[in-house]
Amino acid sequence: MREQYDFSKGKRGVYSRDIKDLHFPVYLDPQLEEYYKKIALKKNKDLSSIINSILQKEMELHDSLL
């Protein structure tokens, strides 16, 4: 490494992203993944849309109980 670096022409934030655009992976138990993959295949949808649909319904159910 150098003793000093010249950052005088650097631009702040060029390589950063807003935290709201950051998506974390969610890992399912292997049994759950296989089960919902079969459902997704039968419905001709991707696994993410199936899981999102289930979670959306769970959220609506929870909100109705409050």
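Helices are taken as DSSP runs of at least four residues, numbered from the N terminus. In this predicted model, helix α1 covers residues 30–43. Its 14 residues should span 20 Å at 1.5 Å a residue. Just after α1, asparagine 44 adopts a positive phi of about 55°.

The salt-bridge count comes to 1. Lysine 37 pairs with glutamate 33, and their closest N and O atoms lie 3.3 Å apart. That distance falls within the 4 Å cut-off for a salt bridge. Both residues belong to helix α1. They are 4 residues apart there, which means that about one helical turn separates lysine 37 from glutamate 33. Lysine 37 is partly exposed, at a relative accessible area of 39%. Glutamate 33 is also partly exposed, with a value of 28%. Each value sits between the 20% limit for buried residues and the 50% limit for exposed ones.

The segment before α1 was examined next. Methionine 1 is located in this segment. Its relative accessible area is 96%. Methionine 1 therefore counts as exposed, the threshold being over 50%. Met1 also belongs to a nonpolar surface patch, together with Tyr5 and Phe7. The accessible area of Met1, Tyr5 and Phe7 together is about 480 Å².

Conventions:
Residues are numbered from 1 along each chain as its sequence is written. This is a predicted model: local features need pLDDT of at least 70, side-chain atom pairs count only at pLDDT 80 or more; totals for chains, interfaces and linings use all residues. Side-chain values use heavy atoms; hydrogens and water are left out. Patches are made of residues with over 30% relative accessible area and no salt bridge: like charges are joined within 9 Å, nonpolar side chains (Val, Leu, Ile, Met, Phe, Trp, Tyr) within 5 Å. Accessible areas come from the Shrake-Rupley method with a 1.4 Å probe; for residues, only the protein chains shown count as cover. A salt bridge is a side-chain nitrogen of Lys or Arg within 4 Å of a carboxyl oxygen of Asp or Glu. Helices (H or I, at least four residues) and strands (E, at least two) are DSSP runs, numbered from the N terminus. Buried means under 20% relative accessible area, exposed over 50%, partly exposed in between (1.4 Å probe, protein chains only). The expected span of a helix is 1.5 Å times one less than its number of residues.
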